[in-house]
Amino acid sequence: QAFIDAPVSGGQAGAEQGCLTVMCGGDQDVFEPLAAIMETYASCVRLLGTSGAGQLTKMVNQICIAGLVQGLAEGLHFARAAELDIEQLVEVISKGAAQSWQMDNRHKTMIAGQYEHGFAVDWMRKDLGYVLEEARGNGSRLPVTALVDQLYAEVQAMGGGRWDTSSLLARLEAAAKN
């Protein structure tokens with residue numbers, strides 16, 4: 001009996017469109033026949049090492065997303081406070097180094113305060129809990145990840161546990177009103 005750990009990235013939309021990214025860990029001889037099956041629902045399927053490497057790669061994915069979403073939330077919050085035209089701003093900065101999947105796919109819903117879609121804060125906190133536990137075990141220092149995890153705890157306290165992870169902007173805006 002054998003297995004492959006194979007967490008995914010791409011969310012519900014990626015699953016529906018068959019373009020998930022699958023991060024695999026396990027033995028090559030077990031992976032090869034399974035890869036063809038996974039490619040039916042994924043645009044990228046990679047074996048990244050032995051058993052557990054897929055999950056560790058997913059952790060890195062979540063670390064990167066946490067920082068990106070917080071940065072985007074802060075940028076949009078700042079732009080709104082500075083009374084900038086956010087659509088024009090995003091059009092310009094998305095052509096440069098600030099471009100990201102989060103910016104391309106979430107800025108409009110963030111500005112509209114629409115968070116009833118996407119990857120839930122509760123799920124991200126679960127994932128970040130695994131990340132922070134692993135970091136304690138391997139000696140990694142993840143100060144931004146730990147901070148964003150706490151910011152998501154504040155979103156949960158606002159009743160946003162099922163909101164999309166981009167709801168970090170709602171937290172900033174609520175704090176600014178107080």
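Which residues in H4 meet which residues in H5? In this predicted model, Ile-86, Glu-87, Val-90 and Ile-93 are the H4 side of the pairing. Met-103, His-107, Lys-108 and Ile-111 meet them from H5. Helix H4 covers residues 86–93, and helix H5 covers residues 101–112. Their axes lie 11 Å apart. The packing angle is about 170°. Angles over 145 degrees count as roughly antiparallel. H4 and H5 are therefore roughly antiparallel to each other.

The pair belongs to a protein chain with 8 helices and 3 strands. Read from the N terminus, the order of elements is β-α-β-α-β-α-α-α-α-α-α.

The overall dimensions were computed next. The C-alpha trace spans about 60 × 35 × 30 Å along its principal axes. The protein chain has 178 residues, of which 38% count as buried. Among contacts with a separation of 6 or more, 57% come from residues 24 or more positions apart.

The protein chain exposes about 10,100 Å². Carbon and sulfur atoms supply 54% of that area. Charged side chains number 13 positive and 21 negative. The centres of these two sets lie 5 Å apart.

Notes. Residues are numbered from 1 along each chain as its sequence is written. This is a predicted model: local features need pLDDT of at least 70, side-chain atom pairs count only at pLDDT 80 or more; totals for chains, interfaces and linings use all residues. Side-chain values use heavy atoms; hydrogens and water are left out. Helices (H or I, at least four residues) and strands (E, at least two) are DSSP runs, numbered from the N terminus. Buried means under 20% relative accessible area, exposed over 50%, partly exposed in between (1.4 Å probe, protein chains only). Contact means heavy atoms within 4.5 Å. Accessible areas come from the Shrake-Rupley method with a 1.4 Å probe; for residues, only the protein chains shown count as cover. Lys and Arg count as positive and Asp and Glu as negative; His and the chain ends are not counted. The place of a charge is taken as NZ of Lys, CZ of Arg, CG of Asp or CD of Glu. Axes are lines fitted to C-alpha atoms, for helices over the stretch in contact, and angles run from 0 to 180 degrees between N-to-C directions. Angles under 35 degrees count as roughly parallel, over 145 as roughly antiparallel, 65 to 115 as roughly perpendicular and the rest as oblique.
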